[in-house]
Amino acid sequence: MSPQAPLRLRLRTAVIIPARLASTRLPHKMLLAETGKPLIQHTYEAAIEALRPEKVVIATDHPSIRDAVLAFGGDVIMTSESCASGTDRLAEAAQQLPEYDLLLNVQGDEPEIASTSIDALIKLMEENPGHNMGTLATPIRDKALLADPACVKVICDETGKALYFSRSQIPFVREWDDAILQAEPPHFLMHLGIYAYRRDFLLRIAAAPRTEVEKLESLEQLRVLSMGESIHVGVVNEASSGIDTPGDYAAFVSRKLAC
């Protein structure tokens, strides 16, 4: 971890980065290395810049990813190939990390996740002991993102609890005006690829069956809402986007090589 990390934390926290080899739209994306580093290394290096976690570890189902992680000096845990979702993989890895109270899921295809966002989510959970699960979102100011199914939207109540996540535009605006995009507080929020769970809650959610709405949207967080549980959403200004398609990866490579 960063040498600036605090020695004492109110919650012992581990960041777990699920990384499976199979990917429908971008095969073997975790190992793509046109920047000179595999994609999973970029995500790992972003996560270890956070100050609050005690541990960052990659949870994978395949020896090729394990070997790549060990080659760049990362920490890795092997998990089953049968894990149906990142939540399931996180829970399996958490069984091997019993000393941690709070488990963060940073998705392996989020190489540009801000370390400050990781710290902000941990702080949110530390300051709100009644929250069993938390996540982050950032304002959407671009109309094209509202129509993009790869951009997952979330709508919250006035206390910050998620009401629904969708690949469609939520809320739907019946009479559009471009000024709506600049409203404060923002009307539209993009969900970021990060979750925090208290240990017992994570294990309970992972043991529950997939729900129909979760399957329809292909969004595992909807399992939590379908069970009547709450997800608290913190809003940050540091936007990041996952790598889902060859175009996403090409744009990421261009940004990295331009630095």
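Helix α3 passes helix α6 in a left-handed crossing. The model described here is predicted.

**The α3–α6 pair**

Two packed helices are described by the angle between their axes and the distance between the axes. For α3 (residues 86-94) and α6 (residues 199-207), the angle is about 130° and the axes are 9 Å apart. That angle makes α3 oblique to α6. On the α3 side the contact is formed by Thr 87, Asp 88, Leu 90, Ala 91 and Ala 94, which meet Arg 199, Leu 202, Leu 203, Ile 205 and Ala 206 of α6. Sorted by class, this contact has 7 nonpolar, 1 polar and 2 charged residues.

**Aromatic pairs**

The structure holds 4 aromatic pairs. One of them joins Tyr 195 and Tyr 197, with ring centres 6.1 Å apart and 35° between the planes, a tilted arrangement.

| Residue | Relative accessible area | Class |
|---|---|---|
| Tyr 195 | 3% | buried |
| Tyr 197 | 2% | buried |
| Asp 109 | 9% | buried |
| Pro 171 | 29% | partly exposed |

Buried means under 20% relative accessible area, so Tyr 195, at 3%, falls in that class.

Helix α1 (residues 39-47) is largely enclosed by the rest of the structure, because 8 of its 9 residues are buried. These are Leu 39, Ile 40, Gln 41, His 42, Thr 43, Tyr 44, Ala 46 and Ala 47. The cover over the buried residues of α1 includes the strands β1 (13-19), β2 (55-60) and β4 (102-106), as well as the helices α4 (115-127) and α9 (246-258).

**Asp 109**

Beyond residues up to four places away in sequence, Asp 109 touches Leu 39 and Thr 43, along with Lys 29, Met 30, Ser 241, Gly 242, Ile 243 and Asp 244. Leu 39 and Thr 43 are themselves among the buried residues of α1.

**Pro 171**

Another loop, between β7 (162-166) and β8 (189-198), contains Pro 171. Setting aside neighbours within four places in sequence, Pro 171 is in contact with Ile 155, His 187 and Phe 188. The C-alpha atoms of Pro 171 and Leu 189 are separated by 9.7 Å, with the two residues 18 residues apart along the chain.

Methods. Residues numbered from 1 in each chain as written. Predicted model: local features only at pLDDT ≥ 70, side-chain atom pairs only at ≥ 80, totals over all residues. Heavy atoms only, no water. Axes fitted to C-alpha atoms, helices over the stretch in contact; angles between N-to-C directions. Helix = DSSP H or I, 4+ residues; strand = E, 2+ residues; numbered from the N terminus. Parallel < 35°, antiparallel > 145°, perpendicular 65-115°, else oblique. Left-handed = near helix turned anticlockwise from the far one by under 90°. Contact = heavy atoms within 4.5 Å. Nonpolar A, V, L, I, M, F, W, Y, C, P; charged D, E, K, R; others polar. Phe/Tyr/Trp six-rings, centres within 6.5 Å; stacked < 30°, edge-to-face > 60°. Buried < 20%, exposed > 50% of the residue type's maximum accessible area, 1.4 Å probe, protein only.
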